[in-house]
Amino acid sequence: MQTQLELARAGKITEQINTVAQKEGLAPELIRSRVAKGEIVIANHPLRPQQKVVGIGTGLRTKVNASIGTSSDICDINMEVRKARIAEQEGADTLMELSAAGDFAAIRQAVLAATNLPVGTVPLYQAFKETTAQYANPGKLDPEYLFDLIEQQLADGISFMAIHCGINQYTIERLRKQGYRYGGLVSKGGTFMVAWMDINGKENPLYEQFDRVCGLMKKYDAILSLGNGIRAGAIHDSHDRAQMAEMIINCELAELGREMGCQMMVEGPGHVPLDEIAGNIMLEKRMSGNAPYYVLGPLPLDSGAGYDHITAAIGAANSSRHGADLVCYITPAEHLALPDENDVREGVRATRLAVRVGDIAKYPERRENEKAAAMARRDMRWHDLEQHLLFPEIAKEVRQQRMPEKSDTCTMCGDFCAMKKGTEVFQEDIAGDKLVSTT
C-alpha cells in the first residue's frame with residue numbers, strides 16, 4: 001500500500017486529499033502539492049473507514065488534540081470512553097490514548113470503538129509498563145517486543161504515534177554536561193528510554209533502527225510523530241542544549257522519514273517563555289523542511305497549576321499565530337491530577353478558543369466570522385450572534401439564566417447600553433459593508 005505522501009508525489013489527488021481540501025476551502029491541487037512536500041500530513045487509517053479524515057500542516061486550520069488515558073491510581077475504562085466521546089463532542093480534531101495502567105489492548109480498542117477521531121498513542125508507555133510488571137525492571141525491555149507492540153497498535157487502528165526516535169547518547173550527554181535541569185525530565189516515555197539506555201549502556205533502538213520504525217508506519221499509512229522526550233518541563237530549561245540536540249535530530253529524522261515515503265510530524269515543547277515561542281517554531285520549520293509541528297501547549301508559565309488550561313491557551317494562541325499546526329490541549333488538572341470528564345471538556349474548549357485566536361492572526365482573510373459576530377452584537381441580533389460563536393449553547397444558557405427586562409439588551413448594561421445608544425446616534429451614517437445584508 002502506498003502512503004498519502006507517496007501517492008501525492010506521484011501526482012494523484014486521493015479521496016483523502018479531496019476531503020481535506022473541501023473541509024479547508026482550498027484547492028485539491030494545493031493540498032496535494034503540500035502533502036508531496038511533507039508540509040501537510042493526513043491522518044487516515046485503511047482499517048478504520050469510519051474515521052474522520054484530518055489534515056495537519058501549512059495553510060490549514062490549526063488542529064486540536066485531546067489526550068486521555070489511565071494511571072496506576074485511577075484506572076476506569078468506562079471513564080476513558082466517556083472522555084473520548086466528550087473530546088469529540090467538544091470539537092477536538094484528534095485524540096491520544098495515553099493509558100499507563102490496566103488492560104492496554106482492551107482500553108485502546110474500547111476508545112477506538114467509541115470515537116471517529118484519528119487516535120494516537122505513545123507505544124513506550126505500554127512497553128515499559130508491561131516489562132516492569134513482568135520483570136520488576138524496565139531495563140529488561142526487549143527492543144523486539146517494542147517493535148512488535150508498535151505493529152500491534154497500528155493493526156488495532158492507531159493513526160499516529162509519538163515515538164521517541166530523537167533521544168540518543170549524544171542527547172543524554174548534553175543533559176549531564178549542563179548539570180541536568182531545573183524542572184527535570186517530564187516525558188514518561190522519554191525518561192524511561194533514557195533510563196533503559198543508561199542501564200544497558202546501549203543506544204536507543206528507535207534511533208538505531210529508524211528505518212524499521214518508518215517501515216511499520218508506512219505499512220498502515222500512519223503518521224510518525226517524532227516525540228520530544230527531552231522537552232523542557234520548566235521555562236528556565238527552555239531551549240537548553242539537551243532540548244536543542246533532540247530537536248535537531250528530530251528535524252533531521254523528519255527529512256529522512258519523508259525520503260522513505262513516511263508521513264512525518266515533529267513534536268515540540270513543553271514549557272516555553274512567551275518571547276521564545278516564535279523562535280521555537282521558526283527553528284522547527286527551518287530545520288525540518290516545514291514539517292507539521294505538533295506542540296504541547298506550550299505553557300509560558302510554571303506557576304499556573306489549577307488554571308493551566310488558561311496558561312496553555314495563551315501559549316497555544318501564540319503557537320498557532322506563528323505556525324504550529326497541531327496543539328495538544330492542557331486541562332485544569334495538569335500538574336495536579338488525572339483529568340476527569342469536565343477537565344477534558346474545559347481543556348478542549350480553551351484550546352479551540354486559543355487556536356482560533358492564532359488562526360485569524362495567521363490568516364487575516366479568515367476574520368469574516370468575527371466581523372459578522374461583532375455586527376450581530378452591535379445590532380442586538382442575539383439569534384444571529386449565536387450562529388457565529390464557538391460555544392453558542394453556553395452563550396444561550398447564560399443569557400437565558402439572566403434575561404434582561406428588555407429583550408434587545410443584556411443585564412450587563414440594562415437600559416444604560418452603549419451599543420443601543422451608539423446605533424441610535426449613527427443609524428443614518430451606517431454604510432458599505434457595515435450595513436447588514438437583508439438577502
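Colleague: Where does Thr-3 lie?
Modeller: In the segment before α1 (4–9). Helices here are DSSP runs of H or I with at least four residues, strands are E runs of at least two, and both are numbered from the N terminus. This is a predicted model, so local features need pLDDT of at least 70 and side-chain atom pairs count only at pLDDT 80 or more, while totals for chains, interfaces and linings use all residues. Residues are numbered from 1 along each chain as its sequence is written, and side-chain values use heavy atoms, with hydrogens and water left out.

Colleague: OK, is Thr-3 buried or exposed?
Modeller: Buried, because its relative accessibility is 1%. The cut-offs are under 20% relative accessible area for buried and over 50% for exposed, with partly exposed in between, using a 1.4 Å probe and protein chains only.

Colleague: And what does Thr-3 touch?
Modeller: Lys-218, Asp-221 and Gly-261, if you skip residues up to four places away in sequence. Contact means heavy atoms within 4.5 Å.

Colleague: Switching to α8, which residues are buried there?
Modeller: In α8 (residues 169–177), Thr-171, Ile-172, Arg-174 and Leu-175 are buried. They sit on the same side of α8 because they cover an arc of only 150° around the axis, going by the directions from the helix axis to the C-beta atoms.

Colleague: What covers them?
Modeller: The cover includes α9 (188–200) and α12 (241–259). On the face turned away from the buried side, Arg-176 and Lys-177 are exposed. Just after α8, Gly-179 has a positive phi of about 80°.

Colleague: Now α4 and α5, at what angle do they pack?
Modeller: About 30° between α4 (residues 77–89) and α5 (residues 104–114), with the axes 9 Å apart. Axes are lines fitted to C-alpha atoms, for helices over the stretch in contact, and angles run from 0 to 180 degrees between N-to-C directions.

Colleague: Which residues in α4 and α5 meet?
Modeller: From α4 they include Ile-77, Val-81 and Ala-84, and from α5 Ala-106, Ile-107 and Ala-110 are among them.

Colleague: What is Met-79 in contact with?
Modeller: Beyond its neighbours within four places in sequence, Met-79 contacts Ile-74, Leu-338, Pro-339 and Glu-341. Met-79 belongs to α4 and is buried, with a relative accessible area of 12%.

Colleague: Last one, how do β1 and β2 pair?
Modeller: Antiparallel, over four bridges, with β2 at residues 54–57; pairing takes at least two DSSP bridges between the strands. Val-41 has Ile-56 as its bridge partner in β2. Both faces of β1 (residues 40–43) are covered, with Ile-40 and Ile-42 buried on one side and Val-41 and Ala-43 on the other.
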